[in-house]
Structures are given as C-alpha cells and as structure tokens.
Amino acid sequence: RLSERNCIEIVAKLIEDKQLDVVHTLDGKEYITPSQINREIRDELYVHGGRVNIVDLQQIINVDLVHIENRASDIVKLDKSVQLVLGQLIDEKYLDQLAEEVNDKLQEAGQVTIAELCKAYDLPADFLTEVLSQRIGRIIKGQMDQYDRGVIYTQTFVSRHKARICGLFSAITRPTPVNNLITLYGFQEHLVYSVLEELVSSGRLKGTIVGGRQDKAVYIPDIYSKTQNNWIDAFLKQNGYLEFDALTRLGIPDPINYIKKRYKSSKLLFLRAACVGQGIIDQLEASIEEAVNSATWTDVQPILPSCLSFEDIGILINEVMRTTNVQSSARIFSSTIIVSEKFICNCIALFEQAMHTKAEQEIKNNPVFLITEDDLKQASVVIENAASASSKKEKRDERKKKAAEGSGSVKGGGGGNSREIRIRKTKKKCKKDEDSDEETSTHNCNKQKEVPFMSQEEIEAVLQKHTCDCPEEMISELSEHLLGPLTKMYQDVMHTVFMSSTSATSGISRKQSVKDLQEEINILYNNIRLFEKGTKLFSDDTQSNIAKHVLKTLCTDMTNLLFNCVAADLMMAVENHSSISNEIRVKILGRLPEETKSPLLKLHNSLNGKVSIEDFLTTLESAAEVCGIMLKKGDKKKERQAVFQHRQALTEHLKVTEDPALVLHLTSVLLFQLSTHCMLHAPGRCVPQIIAALSAKISEDHHKLLSKYQGLVVKQLVGQSKKTSHMEGGGAEKDEAEAVQKELLRLTPEVKELVLRSRKTSLTDEL
C-alpha cells in the first residue's frame, strides 16, 4: 500500500511527464479533471438560471480562476447558446427570460429604453440592443425606433402619441418651434419627428416642417402661410415696397429668396434692407426729370419709404438716375435732394460780378500772393511785345525828326536818357538770368496756392439771399460744393484781370515811374544820412534806440520802395509801398534771380535792428545798384535846404497840435536841431534823453520849463493808463488829473514859444 506522500509524488511525476491531465484544487487536497470542471460549470450555470459570474465559480468549484476562465472560453466556443459577457456566462434561456420580463415592462409602460434596461440588468447597451432586437415580434410585442434604437415602443403607445401629436399640431395657427412642444408635453423627440413627417406627408396635417430633425425645427401651418402671403401681397400692393426685417418678424427666415420665388414676374429693385416696386420708381423718375427739365431742385424724401436707410436711398436714387440718363444733369445733396446742374450754374452766376470786383481790388492791393508763375511768363511776353511796339514808334518818330531837321543830330539831356538806358539794360540782364533760372529749375518747386474767393459761410449767405424755400441742409452742401468751382473761377478771373492790366501798361509810363522812384529814394537816402549825424551826438544806448527807430521807419520805407521796384518787373507791384510786409518781401525774394536776390536779401535782413544805420546804408548802395537806381549824395547846399525843410515841416506840425505829449516831442527835436544844426528822427521814449542833452545847449529857465512840462506829461500818461486799467478812479485822483490838465494847457503855449521864438531869431540871423 502506497503512502499519501508516495501518491502525491507519483501524480506529480505523471503530471510533469504530461501523462496525466488534472488540476489541483485551491486547498491542495484534491485533483480535478478539466472535463469535470466543464460539467460543474454547466451545472452551476443551470442552477443560477442561465447567468453566472466566473468569479463566483472560482469559489464554488474551488479551482484557480485561470482554469475557470479557460474552461469557460472552451464552453463558449463549443456551445453557441452560451455567451461570455463582462465576465459572466449567459445562455439563451436566460436571454429569453429577460426578453419576457422586458415585454412585461413594455406592455405596462408603453415604452422602455435600453438605458434603463442596462441599469436594471447590468448589461452593456449594445449587447442588450442586439439581443432584444432579435426577440421583437417573437417574445417582445413592440417595435424599436428606426432613428433611435435605444427606445422600444408598443403599437398602442405609438397610436396614443400619434393621436396627441395630431391633435396638438392641428390646433397650431402660427409658426411654433417643435422643440418647445416636446419639452412642454413630454413627447419622445424622435417619435414626434417620425409621426409629424408621416402626418404631413399623408396630408393629415396641413403644414410644413422647416429645419429638419434639429433643435431649430419649426412647424408652420398652412393657414398661417396663407394669411402671411395675403398680408405680404396686400402690403406690397398698397405701399409699393417690402422690408426684409418685417418679413423676418413674420417668420420668414430667408426674405430675399422668398420674395424672388413668390414675385418672379414682378419688377422689384432689391436694396440692402428692402425691395422697392415699380410704382415708387416711376414716381422718382417723374420728380427727377421734372427738376432737371425745369432747372430747379426737388426733395424726394416724401416719396420714399420711411424705413429706407441712407445707403438704400443712395442706391435707389442712383439707379433711377442711371435708367433715366440724368446722371450728368443733376447732383444729389443731403441724400434725398436732387439738384439740376442748370440750377447750380445759375447759382454760380450770382457771384460773377462780385468776383470781378474783388479780383480787380486784390490785383491792385496785394498782387504778390495772387500771381502765378504762368501769369508772370505770359505777362513778360505781353510787356516785351508792348516795349517792342513802343520802341518801333520812337524810332519812327526819330527818323521823321531827322528828316525834318536835315543831317544834324538832336542833343538832349544825356544824363537822364543815359540813366534810363542803363536801367533797361539791367532789367534785360535780370530777365535773362530769370529765364535761365527757370529753365534749370526742376518741376518739384512749390506751386502757388489758390487764393480763396469767399468762405463757405459767405457763400451760404449769398445763396440764402437769392434762393427761396431751399432747406438749410441743401444750402450748406451746395455752398460746400460751389467752394471749389468758385475758387477756380476766381483764379481764372484774376488771371484775366492781371493780363488786361499788364497789357495796358506802357513803356513810357514805366520809365516815368522809375524816374520818380529814383528821386524819392535819393531824398530818403540823404535824409537818413543826415539823421545819422544827429544820432551820433548821443550815448551808445540812446544811439541804439534811435537807430532801431530809424531802421523801423525810414529804412523800411526805402527798402519797400526798392522791393516794389523789382516787383514791378515781376508784375507784382502794389499801389502803396507802405503795405509791403516782411512776408511780402520774402515772397518777392523767392521770385528773383540769384544775383538780384542776394543784395536785396542782405538789405531785408539789415532791418532786424541788430545793425547800425551806417551798415544799412552800405548794404543799400549795393542793392540799389542791382536795381538800376543811382544813389547821389547831396552837397552842402542841398543838405542845408533839407535841414531847413525838415524844420519847417516840424514847426508847422507843432503849431497845429495840442496833444501835450506830441508838443513835448516836437519841441525837444526842434530845439535839438536849432542848437546842433543836426536833424533828429527819434522815438517818443527817447524824449528824456533829448531834454537831458539840451541842458548844456539852452538856458536854464528854458530847460526847467521843459523838465516841468515833461513831468506833467508823464503824470498825465500814468493817470490815463490807470484809468484805462481800473476804469474808475477816486475823487482825489480825478482832482489831481484835472489839475495836471489845467497846468499843461497853461504851459503848452510857453513851450511852443521856445521853438517859435528861437525860429524867429534864427530867421533874423539868416536874413
């Protein structure tokens, strides 16, 4: 007899040699064959009603889980009625029983969902769907939704819902979202869509579903569509237009395509937010044509629908103007006002007279900023032609004179004639240089800016005066539109006026004006030299102030005369040279050739007050030379005559003036001239220095009188400045001012007498 140990060793050896196929139990006390495991698994499956978990089998059979899984897999392969699902063995008997239970639930509830069954039976959805779909009609008395296989219905349930859906949707009279009804009444979503499609296709429901099987699906009953169409037809017939937003509010999701399909034969003009019928277009055409033919304007706003935007109005009016071929005959203002071009031309005609008047005035007063380069070129041609004609006439007259007098020559004043010839040669040279400069200059130079005729506000005022019943918006836009054409016309008018004034200028008058100019410049030149002598008798600070005053007044006048002279060659001379400003001088310099420009630029810069009068005179001599002006220094006799005339002029002025400040100023200057025999051109702020300089040249009594009068004048000026700043003063201040005024009135004749008495004495000495 073998012991237990020997038996174990023998079995282990047989298993190792693969002569015996057995499996240890978990407790190691028994051996079990695979076939026995198969039998026990089937027995347990039967005992558990056709469904058993493999993990439970391990505890029951007492074998390792690996052997259980292997045997279960073999059973599933050999027996098609057994399935392994999620670690569980399930046979057909259990599935039939499950189908019977589902059928009971279905008959009771009318519908069941796979999701609910998955939770109840702890089985996957795909497995349950496949199993139950195989048993529908055999065990399960119902049907599965073809669009959603996760729901099973009974025919009774479908019929009941079909009846509810049919009744509900039959009562609908306006577009209604299907999803809202599903939520409100608890319908099965896919069942609703299926039933609705069936009812609509069979004709049981009179309506349509828009949007398919989506959340945005809308059911539109035919009665609403019919009412909707009738309303749209009536609105279009009555108003002549359709607004897209209004159709959208009626429930039409695509208004443009709806209108195109419904009104295929109608002539509708589609805009951005609406479409317009032929009636409105005909009214617009009639109004626009009437405005164009009658040379007036019309506002089409009353004809247009109020819902149209400015963009749509512009599209509509442009389309109508294009079809009626009046685009070139009218303009659009304020979006809705159609203005005839003839009306605009009539408005332009209102400004023609004012344009000519202003152009003539501007050419006279300030031609520097008005004349263009082209004007100068044309004017130079006109002048050359006029000069040539004048020269020919002079030669003919000279030949006649020679023929009448024989072979002898006529002697004339050579000085004046030779001077004129020199001026003419210089001008020709300047002109040649200018032509050369123009040829070498590039086309990138700055162009002459347009001179405005009137501001927009001024144009509006004229239009409001001459045009009646025009809206303010139209007047404003019309004036803005006319601003450019009127400015351009004004340039042309100025050009015409300038050319006519140029052609009227004769060579003889130009020669005469040059002669007068030379005489005037020489008088100023000698006066400035004489004033410079008087200036040198003062200290440096006073000299500087007087020099600045001379540069600002007399030197500036002489500079303006020279600039006006060269401006005459460029057809830019002004009537009054005193009106020439710093800006005008710079403008004239920009038109001059380089050799003329350089000396005049130095002369222009010398007026800044940083140079002495002597430096200015030096610069003046070179500038006068390039301008063809000969500066002549006066002799002693002429200087004495100039001093006498200056004193006479100041004395006459002193006699008639009663202003204390001016009396003090004139008296001081005249006393200085009488005592030093030097002319003085000083500003009012230098009067104290003049009086101080006179202390050693006049009697002590006279100087005290002057000083006292000066103090009173200063008090009066201070009191006037206080009155101006504070508007009102106290009683004491008024009394003091009156006392000063009385004292000034008393002393004024005495102060004047200082000069007048000295003048009589001087005249007696001279005699």
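Two strands are taken to pair if DSSP finds at least two bridges between them. Strands (E, at least two residues) and helices (H or I, at least four) are DSSP runs, numbered from the N terminus. The structure is a predicted model, in which local features need pLDDT of at least 70 and side-chain atom pairs count only at pLDDT 80 or more, while totals for chains, interfaces and linings use all residues. Residues are numbered from 1 along each chain as its sequence is written, and side-chain values use heavy atoms, with hydrogens and water left out.

Strand S17 (residues 337-340) has two pairing partners described here. Strand S15 (residues 297-299) pairs with S17 in the antiparallel sense, over 3 bridges. Within this pairing, Asp299 has Ile337 as its bridge partner in S17. Strand S16 (residues 330-333) is also antiparallel to S17, and 4 bridges join the two. Here Ala330 stands opposite Ser340 of S17. S16 and S17 form a hairpin with 3 residues between the strands, and Ser334 takes a positive phi near 55°.

In a regular strand the side chains alternate between the two faces of the sheet. In S17, Ile337 and Val339 point one way, whereas Ile338 and Ser340 point the other way. All four of these residues are buried. Buried denotes a relative accessible area under 20%, exposed over 50%, and partly exposed the range in between (1.4 Å probe, protein chains only).

Val85 stands opposite Gln88 of S5. The hairpin has 2 residues between its strands, and Leu86 in the turn has a positive phi of about 50°.

An open sheet is formed by 3 strands in the order S9-S11-S10, with antiparallel pairing. Strand S9 (176-177) and strand S10 (207-210) are the edge strands, and each pairs on one side only. S10 and strand S11 (residues 218-221) run antiparallel and are joined by 4 bridges. Gly207 stands opposite Pro221 of S11.

Thr25 lies in the loop between strand S1 (23-24) and strand S2 (31-32). Its relative accessible area is 8%, so Thr25 is buried. Thr25 and Asp64 are 39 residues apart in sequence, yet their C-alpha atoms are 7.2 Å apart in space.

Charged contacts were examined next. A salt bridge requires a side-chain nitrogen of Lys or Arg within 4 Å of a carboxyl oxygen of Asp or Glu. The count by this rule comes to 17 salt bridges.

One of them joins Asp74 to Arg71, with the closest N and O atoms 3.0 Å apart. Both residues belong to helix H4 (residues 65-78); they are 3 residues apart, so about one helical turn separates them. Asp74 is partly exposed, at 26% relative accessibility.

Asp96 and Arg135 form another salt bridge, at 2.9 Å from N to O. Asp96 lies in helix H5 (residues 92-109) and Arg135 in helix H7 (residues 125-135), so the pair ties together parts that are 39 residues apart in sequence. Asp96 is partly exposed, with a relative accessible area of 23%. Arg135 is buried, at 2% relative accessibility.

A further salt bridge involves Glu658 and Lys752, whose closest N and O atoms are 3.3 Å apart. This pair links distant parts of the chain, 94 residues apart: Glu658 is in the loop between helix H27 (636-656) and helix H28 (660-676), and Lys752 is in helix H31 (residues 731-766). Glu658 counts as exposed, at 53% relative accessibility. Lys752 counts as buried, at 8%.

Glu100, Glu101, Asp104 and Glu108 form a negative surface patch. Patches consist of residues with over 30% relative accessible area and no salt bridge; like charges are joined within 9 Å, and nonpolar side chains (Val, Leu, Ile, Met, Phe, Trp, Tyr) within 5 Å. Asp and Glu count as negative, Lys and Arg as positive, and His and the chain ends are not counted. Each charge is placed at NZ of Lys, CZ of Arg, CG of Asp or CD of Glu. Accessible areas come from the Shrake-Rupley method with a 1.4 Å probe, and for residues only the protein chains shown count as cover. Glu101 is found in helix H5. At 32% relative accessibility, Glu101 is partly exposed.
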